[in-house]
Amino acid sequence: MGWVQRRCKVHRKTTVADAAAAPRSGIVWLASYPKSGNTWTRAFVHNLIHVTSGTAQAQQINDLNQFSMGSAAKPFFEEVLGFAPTNQHRDQIAAARARVQQHVADAVEGLIFIKTHQGLVVDRGHVTINFAVTSGAIYIVRNPLDVAISYAHHLGRSIDRAIEFMNRQNAEVSGNDKQVYEVYGSWSQHVMSWTRKPHPAIYVMRYEDMLNEPQKTFGALARHLLFKPSDEQLTDAIDRSSFERLREQEEKDGFRERPEKAERFFREGRAGQWKEVLTPQQVQRIVDAHGEQMQRFGYLPL
């Protein structure tokens with residue numbers, strides 16, 4: 001419990017509950033398939049908290065664990081399991097997820113934001129998300145045609161390899177020295193798992209709307225989280241979290257979450273780059289695998 005308390009300082013006596021209209025407790029999930037705007041959303045939430053509580057300085061990307069954490073961090077599981085799990089302990093990790101999430105929720109007063117790329121699925125007979133300790137969720141979805149490009153750069157692999165992984169049913173990502181393994185599923189499985197049924201506690205937003213209609217999209221997110229920023233405060237939080245600001249911070253100070261094989265984490269941050277980069281064959285592979293979910297969110301190419 002001590003490790004969680006050191007990492008996250010969100011509690012009723014200070015920031016989140018003071019800024020929000022009604023104190024709540026439990027986990028708020030920041031969920032997405034990789035390279036869909038999760039870190040951008042985390043930065044906005046942090047800056048929203050800062051702005052509405054009167055903090056002048058913009059959130060630093062290397063301190064995003066101030067009010068949030070990642071769901072797969074290995075120290076969580078070490079505390080609950082009593083040993084350092086490896087990829088050979090997937091059964092034990094799957095069985096421990098609900099207890100780990102309970103452990104985190106119990107250790108922090110009020111809300112705790114947890115970033116996850118985990119699909120909302122049953123893994124080895126166990127749910128990946130413990131809704132008994134969940135207060136809400138934010139799910140960010142992005143056009144898979146653009147995700148493929150960004151994910152390839154992120155992994156340091158070819159676009160074809162990225163597409164292959166995105167199309168793989170029940171895909172899992174192996175753990176490492178910092179994180180335990182996670183279950184993504186294919187891009188369609190992931191999106192469907194979080195959005196199959198509208199739920200008042202789950203706010204779904206498109207990456208493209210974050211770019212094109214930031215006031216509307218982030219304003220609705222703030223209201224979903226029970227914040228009531230003024231128009232000026234909302235504009236300030238959005239500006240502090242802009243892709244350009246985040247990229248400037250990475251260029252100046254680096255970013256701890258950047259994979260070793262990636263040249264940079266915040267690369268271009270725009271929509272529609274697939275039209276310039278993907279071959280017709282690559283576009284067709286993605287549409288063939290994910291057309292149903294792409295149609296739901298307006299992503300089918302014209």
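Biologist: Which strand does Ile27 lie in?

Modeller: Ile27 lies in strand 1. Strands are DSSP runs of E with at least two residues, helices are runs of H or I with at least four, and both are numbered from the N terminus. This is a predicted model, where local features need pLDDT of at least 70, side-chain atom pairs count only at pLDDT 80 or more, and totals for chains, interfaces and linings use all residues. Residues are numbered from 1 along each chain as its sequence is written, and side-chain values use heavy atoms, with hydrogens and water left out.

Biologist: Why does Ile27 count as buried?

Modeller: Buried means under 20% relative accessible area, exposed over 50%, partly exposed in between (1.4 Å probe, protein chains only). Ile27 has 0% relative accessibility, so it counts as buried.

Biologist: What is Ile27 in contact with, leaving aside its neighbours within four places in sequence?

Modeller: Contact means heavy atoms within 4.5 Å. The partners of Ile27 include Gln101, Ala105, Ile112 and Ile114, and also Val133, Thr134, Ser135 and Gly136.

Biologist: How many bridges pair strand 1 with strand 6?

Modeller: Two strands pair if DSSP finds at least two bridges between them. Strand 1 (residues 26-32) and strand 6 have 6 bridges, in the parallel sense.

Biologist: What makes strand 6 mostly covered?

Modeller: In strand 6 (residues 134-141), 8 of its 8 residues are buried. Strand 6 also pairs with strand 9 (residues 202-206), in the parallel sense over 5 bridges. There, Tyr139 has Val204 of strand 9 as its bridge partner.

Biologist: Now the helices. At what angle do helix 3 and helix 11 pack?

Modeller: Helix 3 (residues 38-52) and helix 11 (residues 231-240) pack at about 140°, with axes 8 Å apart. That makes helix 3 oblique to helix 11. Under 35 degrees is roughly parallel, over 145 roughly antiparallel, 65 to 115 roughly perpendicular, and the rest oblique. Axes are lines fitted to C-alpha atoms, for helices over the stretch in contact, and angles run from 0 to 180 degrees between N-to-C directions.

Biologist: Which residues of helix 3 and helix 11 make the contact?

Modeller: Among them are Phe44, Leu48 and Val51 of helix 3, and Leu234, Ala237 and Ile238 of helix 11.

Biologist: How do you know how much of the chain is buried?

Modeller: By the cut-off above, 54% of the 302 residues of the chain count as buried.
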